[in-house]
Amino acid sequence: AGLGYIRTATPTYTSTAKLYLHCESIQISQYETGTIPRTDKYLHTQAAVLRGRDILAAALGTENDPPLRTFADVEDPLSYLRETMAIDVGRKDETISISFDSRYPKDAAQIVNRVVEAYIALRSESGRKEATGALNTCESLLREREEELKAKGEELRDFRATQMPVSRGLDDGAGVRQAYEECQRDYRQAQQAASVAKLYRDGTRE
């Protein structure tokens with residue numbers, strides 16, 4: 001009976017791809033961090049993204065692509081693919097496995113490859129937008145620090161020009177000197193803050 005079944009059964013081929021989701025966070029400043037949690041919840045979210053309409057539509061191909069024989073007799077290929085494509089989240093690692101069964105081995109491999117390619121393209125576009133947002137935040141922070149540095153520099157120059165000469169013959173010269181040192185300290189702090197902001201901006205741009 002077993003031999004008879006093997007001779008008459010239609011063979012089914014399985015194609016499987018495994019994605020390793022390595023998430024890098026972008027540190028926007030010394031006060032802010034963009035953190036992507038490496039949890040099962042995140043992996044399950046990405047598994048849901050893989051079942052999204054855009055990803056599955058890409059797996060079916062475009063009008064210019066040759067039709068896949070797997071869906072020749074299927075009324076709704078998109079729903080069929082969503083129901084039959086297996087997506088498994090790794091239990092002990094940051095991986096997601098994508099599998100699809102078909103009577104046609106080339107179709108099985110092509111469908112899985114298209115899913116992976118569409119997902120990578122989606123991730124790349126999302127990463128580009130996140131990096132652009134981080135860079136814009138760094139540019140804004142740098143402008144604020146440079147404006148603060150400019151204001152502190154003007155304040156220091158004004159103090160030297162107006163307060164220091166007048167205080168030389170006065171009894172409260174020590175108090176003026178202390179105020180001058182505070183102006184210098186504020187200016188140095190503004191310089192340091194602007195320098196740090198520039199480092200973060202340059203790092204994010206890189």
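The model is predicted. The protein has six helices and three strands, and from the N terminus on these elements follow the order α-β-α-α-α-β-β-α-α. Of its 206 residues, 29% are buried. The accessible surface is about 14,100 Å², with 49% of that area belonging to carbon and sulfur atoms. Among contacts between residues at least 6 apart in sequence, 71% join residues at least 24 apart.

There are zero disulfides in the structure. Cys 138 is buried, at 1% relative accessible area, and Cys 183 is buried as well, at 11%.

The salt bridges number five.

| Pair | Closest N to O distance |
|---|---|
| Arg 114 and Asp 65 | 3.8 Å |
| Glu 139 and Arg 201 | 3.4 Å |

Arg 114 is buried at 12% relative accessibility, whereas Asp 65 is partly exposed at 29%.

Glu 139 forms a salt bridge with Arg 201. This pair links helix α5 to helix α6 (residues 173-205) across 62 residues. Glu 139 is buried, with a relative accessible area of 18%, and Arg 201 is buried too, with 11%.

Lys 198 and Asp 202 both lie in helix α6, four residues apart, or about one turn of the helix. Lys 198 is partly exposed at 41%, as is Asp 202 at 29%. Salt bridges link Glu 139, Lys 198, Arg 201 and Asp 202 in a network.

How values were computed
Residues are numbered from 1 along each chain as its sequence is written. This is a predicted model: local features need pLDDT of at least 70, side-chain atom pairs count only at pLDDT 80 or more; totals for chains, interfaces and linings use all residues. Side-chain values use heavy atoms; hydrogens and water are left out. A disulfide is a pair of cysteine sulfur atoms within 2.5 Å. Buried means under 20% relative accessible area, exposed over 50%, partly exposed in between (1.4 Å probe, protein chains only). Helices (H or I, at least four residues) and strands (E, at least two) are DSSP runs, numbered from the N terminus. Contact means heavy atoms within 4.5 Å. Accessible areas come from the Shrake-Rupley method with a 1.4 Å probe; for residues, only the protein chains shown count as cover. A salt bridge is a side-chain nitrogen of Lys or Arg within 4 Å of a carboxyl oxygen of Asp or Glu.
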